[in-house]
There are 2 protein chains.
Amino acid sequence: MRTLIKKALCSEQAQAPITVKGWVRTRRDSKDFSFLEINDGSCLANIQCIADAGIPGYDDITKMTTGAAIGITGQLVESPGKGQKWEIHATSVELIGEAPADYPLQKKGHTPEFLRSIAHLRPRANLYGATFRMRSRMAQAVHRFFDERDFTYVHTPIITASDCEGAGEMFRVSTLDASKPEAQSYENDFFGKSAYLTVSGQLEGETFATALSNIYTFGPTFRAENSNTTRHASEFWMIEPEMAFCDLEGDMDLAEEFTKYLVDDALQNNEGDLDIFNRFVDKGLIERLQFVSEKPFQRVSYTEAVEILVKSGKKFDYPVEYGVNLQSEHERFLTEEHFQCPTTVYNYPKEVKPFYMRLNDDEKTVTAMDVLVPGIGEIVGGAQREERLDVLKANMAHHQLSEEDYWWYLDLRKYGTCPHAGFGAGFERLLMFVTGMKNIRDVIPFARTPGSCDF
Amino acid sequence: MRTLIKKALCSEQAQAPITVKGWVRTRRDSKDFSFLEINDGSCLANIQCIADAGIPGYDDITKMTTGAAIGITGQLVESPGKGQKWEIHATSVELIGEAPADYPLQKKGHTPEFLRSIAHLRPRANLYGATFRMRSRMAQAVHRFFDERDFTYVHTPIITASDCEGAGEMFRVSTLDASKPEAQSYENDFFGKSAYLTVSGQLEGETFATALSNIYTFGPTFRAENSNTTRHASEFWMIEPEMAFCDLEGDMDLAEEFTKYLVDDALQNNEGDLDIFNRFVDKGLIERLQFVSEKPFQRVSYTEAVEILVKSGKKFDYPVEYGVNLQSEHERFLTEEHFQCPTTVYNYPKEVKPFYMRLNDDEKTVTAMDVLVPGIGEIVGGAQREERLDVLKANMAHHQLSEEDYWWYLDLRKYGTCPHAGFGAGFERLLMFVTGMKNIRDVIPFARTPGSCDF
């Protein structure tokens, strides 16, 4: 029976016999014994093993090089060394799979670019193992957050014939062969029409919220934008809750609670992984997470926020005035310098926001809101939706969207319409915030970006 | 403050005031008062409300027709009626959104075909609300199962350049315009090469298992098969765990435990939804779930299973002999009639299985396994993977797969290879099993099938 190293390292007492299996990180040989550091990816830490010369399997010790898979059976005993509580005194060792001398992760200090080129081996490196364990832990926290609050998880479709905002650049999904004449008409395609990869599950999510009350989606979304930045990927995961009988205020309540919940979870349940980010990636990380965890949120209208920014006298790369979309530098100023707490901005000018947001009585602003945190700015964006059929139709006409394409979306306003609200959170954005990692490619197992779809 | 009907109905005591919001299912008027049944989708049950004529909002009572959104405030009191413990005596009612007379869900007894054509309203029907709550609950159970066992959740890519089995029909993902000459070469496409929608996350999952030990995927997968059956959809969700240092036996242990866990969860935590399936969809449902929950699994090799089937004297539509793939009728005979318990068949002939399964010492069979349950047959399928580089290469050559395309998959066998195993479970198949629903289109929020991609 194999014990995960994570379990062995938090053992309450000495144990014998115990078997761990994993991959060699380092080995040092003396005349009479060898020290081995073994990692199995269940946690950041290795377990140290002492193998005396002559025990069963020791003949293979020179083949137990960095990256080799081995098994160790022995006694789990208190370690006299610093930094670890337990170590294993081996009674036998087993070579399971060798790692030849060209194993690419022999040495430390590889560049992120090189590690992206070996994404299939990258999770074996400490920093990336920690990143993907954190990714998993955050995903579990997302599901737990909504489950505890009686939200129904909905799998909105990935392949879609509609476009959430009438604006996103989309990937086409097709089985047509471009070299054949039938490819000239998408009526001949698999679905009998043009089909795309979804850019958001929101509109479909609204159909479920207006039946089941509180729902959320958590799934992959896509953008065919040809932009090579550290913040954009062609494939990323989004979380999109939607609540019936909920207004902007309830929406902000949930978004702020959600942000704090995930940050708290990262702070409390990281099992050592957070340390590596704070030490090697971003020395201000834990402090920044505590800032969001501990300080109450400040709410400010867009109009007030713009006044604050203008009055600040601060020189921004993008000039700020009423009617512009806030840039990351503006958002960061508000949360980091002005309010010095996490900040929620609400009621944006209707011109900068999509058609489905609810028009306020001033007829100038819509019920949009963005949650801002230090270091990155916007982390969650949402809105109360326009539930009034006539106003929605007018908005759609203004955005040159056809009622025919959105007949089912309009039906939600025709039959038993109700105020409802929701938000979207980019999962990778959240991960970059809780790990400090600066490139979205490094928090996605196999990142897809323009010109890059390997593995 | 709104109370979900689910919470109100399981209240410990009378409450006042309480506000519920939801949609009218039925209304009956007397001279002095009205009875309203309200549903908010938080659970199957409606809450009954009594509204006396003359209370605030009562003037709108005739507009509170089936499907209308309303709010009710009043006292939660013990109900004298049968079948419900609590009801609300309204002190005020509020019309929130009307439902005109053409509301399609006025009457009961619509066909599944009609309801599929209004998939955006379908979750408002009792049976479909129950189905999608069950879908959510099962998804939560999947995540909980693996989280409790220290598995890391991995988001394997949706857009991929590789094909898991060298066999599946795949959707192409493209930004090329077929009417333009550059569409003749996929080197001009977004990723600089042909890209597809994934048919399985297994191979990428293996890269993470050989770094983090125990991992699972749970995400959408795709098949571009032009088959219009009740069991096939073009887009469906799969669960694929993978364990390092695990053999076929450990794999069967996990698959059986997983199956029982989900069935137990459906039996125990369905909050009334299971009843509607058992009454209106499949009267043997609960009995069949208890069968899987209570009876220990039987394990049988493929060779023995074929002998049993041949000796049974039973006439099958598909004749059975060593070397054929088992059909659903064979699988069901084994679990329902012969063993009369859930059954796991292992060690299949290598000819009927994909290239990555581990060759047994007999050189005729591979370490495949299928978990069979009554009613549907195979519900989980998995295998120990071939971890020996030379044997894997020989298998690939036999399947005419190029080593160049799978260089990264081969690397896992070159560097620190280890025995590892996993399985795949179709999430919709599991849902059909726990709900009794007979058409896969009815357990997917917005189903995608050949010729059909609406909403």
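**Exercise 1. Find which residue of S8(B) is the bridge partner of Arg172(A), then describe how the two strands run.**

Step 1. Look along S8(B): Arg172(A) has Ser174(B) as its bridge partner there. Keep in mind that this is a predicted model.

Step 2. Now widen the view to the strands themselves.

**Exercise 2. Work out how much area chain B and chain A bury between them, and which residues of chain B lose the most.**

Step 1. Start with the contacts: 110 residues of chain B touch 110 residues of chain A.

Step 2. Turn to area. The size of an interface is often given as the accessible area lost when the parts come together. Here the two chains bury about 8700 Å² between them, and 63% of that lies on carbon and sulfur atoms.

Step 3. Pick out the residues. On the chain B side, the most area is lost to chain A by His155(B), Phe245(B) and Tyr415(B). Together they make up 9% of what that side buries.

**Exercise 3. Describe the polar and charged links between chain B and chain A, and the residues on the chain B side.**

Step 1. Count the salt bridges: there are eight across the interface. One of them pairs the side chains of Lys193(B) and Asp454(A), at 2.9 Å from N to O.

Step 2. Sort the chain B side by class: 56 residues are nonpolar, 33 polar and 21 charged.

Conventions
Residues numbered from 1 in each chain as written. Chains lettered and ligands numbered in written order. Predicted model: local features only at pLDDT ≥ 70, side-chain atom pairs only at ≥ 80, totals over all residues. Heavy atoms only, no water. Contact = heavy atoms within 4.5 Å. Buried area = accessible area lost by both parts, 1.4 Å probe. Salt bridge = Lys/Arg side-chain N within 4 Å of Asp/Glu carboxyl O. Polar contact = N/O pair within 3.5 Å; in protein donor to acceptor, adjacent residues only side chain to side chain. Nonpolar A, V, L, I, M, F, W, Y, C, P; charged D, E, K, R; others polar. Pairing = 2+ DSSP bridges. Helix = DSSP H or I, 4+ residues; strand = E, 2+ residues; numbered from the N terminus.
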